[in-house]
Amino acid sequence: MDVWQAILLGIAQGVTEFLPISSTGHLVVMQRVFGMEEPKLTFDIAVHVGSLVSIFFFFWKDIWALLKKPFCKMTGLLLVASVPVVVAGFLLRGVIAHELRASWLIAASFIITGLLLVAADYFANRQGLSERPKTDRDITFLDAFIIGLMQALSLLPAVSRSGATLAGALGRGLNRESATRFIFFMAIIAIAGAGALESVELVRDPSAIENIGAVPLVVGLLVSAGVGYLAIGLLLRLLKAAKLRYFSYYVWALAAFILLDMLVFNLFF
């Protein structure tokens, strides 16, 4: 892997991990349209670390406050919210990498993502019309579990985790600030968990460690972190303006492209 490939893949990870357009869905599309190989395991771990770095930099005050009180209610809420995706991931571990990447399911998942973003905008716009939105202290364990169920939807190949969890959090009445803080706390657990599982694979099979080189790994990590930081800022601005539906048009266009190719051209899918 050369430095330019590392930069491109770092940009793709940083953009798609946090903007609600699905990183996994885009990886599948890029693989099939451009003939790209899936990132090597060691590089994948590096760009995931970059994603974590961007979250820590953006939310460092909130994360530091949580670390100072590790046994508070928020910790329990995050653990409850993580249960559905852990259980679903365990039950579906044999089909996620293959059966769930069928072309028709990729297109359907992009359509679902678009609908979730429209729902998120709807819930954001109606906040305060009926009752006071929930803050951090108002989040219940039922709220956390339902938001966790929405995160489990992101196991489908092109359902955005940030889009699904935002729709769940806003739908449960969380205000925009609390919703974004909670879903990014959840993202830390999810991304760190994915990276840990990949690291375990390397420990079990040291032969899977690719000789990529230190420079591409560092470049990929830094680019992923920098682009991810910008992507988080853009997401929060669009959420504040309740304009997440703009991403809906994009993912629906991708779904239309996939379906058109499947039904007419048969070039990629």
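Are Phe18 and Phe184 buried or exposed? Select them: both Phe18 and Phe184 are buried (buried is under 20% relative accessible area, exposed over 50%, partly exposed in between, with a 1.4 Å probe and protein chains only).

A word on the model before the next stop. It is predicted: local features need pLDDT of at least 70, side-chain atom pairs count only at pLDDT 80 or more, and totals for chains, interfaces and linings use all residues. Residues are numbered from 1 along each chain as its sequence is written, and side-chain values use heavy atoms, with hydrogens and water left out.

**Stop one: the rings**

The structure holds nine aromatic pairs (rings of Phe, Tyr and Trp, the last by its six-membered ring, with centres within 6.5 Å; planes under 30 degrees apart are stacked, over 60 edge-to-face, the rest tilted). In one of them, the ring centres of Phe18 and Phe184 are 5.8 Å apart and the planes stand at 45°, so this pair is tilted. Phe18 sits in helix H1 (residues 3-18) and Phe184 in helix H9, so the pair ties together parts 166 residues apart in sequence. Helices here are DSSP runs of H or I, at least four residues, numbered from the N terminus.

**Stop two: H1 and H3**

Select H1 and helix H3 (residues 41-58). Their axes come within 10 Å and cross at roughly 50° (lines fitted to C-alpha atoms over the stretch in contact, angles from 0 to 180 degrees between N-to-C directions). That makes H1 oblique to H3 (under 35 degrees is roughly parallel, over 145 roughly antiparallel, 65 to 115 roughly perpendicular, the rest oblique). Show side chains: Phe18 is among the H1 residues that meet H3, and Phe43 and Ile55 are among their partners (contact means heavy atoms within 4.5 Å).

**Stop three: H9 and H10**

Go to helix H9 (residues 176-204) and helix H10 (residues 214-240). The axes come within 11 Å and cross at roughly 150°. That makes H9 roughly antiparallel to H10. Arg176, Thr180 and Phe184 in H9 meet Ile232, Leu235, Leu236, Leu239 and Lys240 in H10.

**Last stop: H11**

Select Tyr249 and Trp252. Their ring centres are 6.5 Å apart with planes at 50°, so this pair is tilted. The two are three residues apart in helix H11 (residues 245-265), separated by about one helical turn. Tyr249 is partly exposed at 48% relative accessibility. Trp252 is partly exposed too, at 29%.
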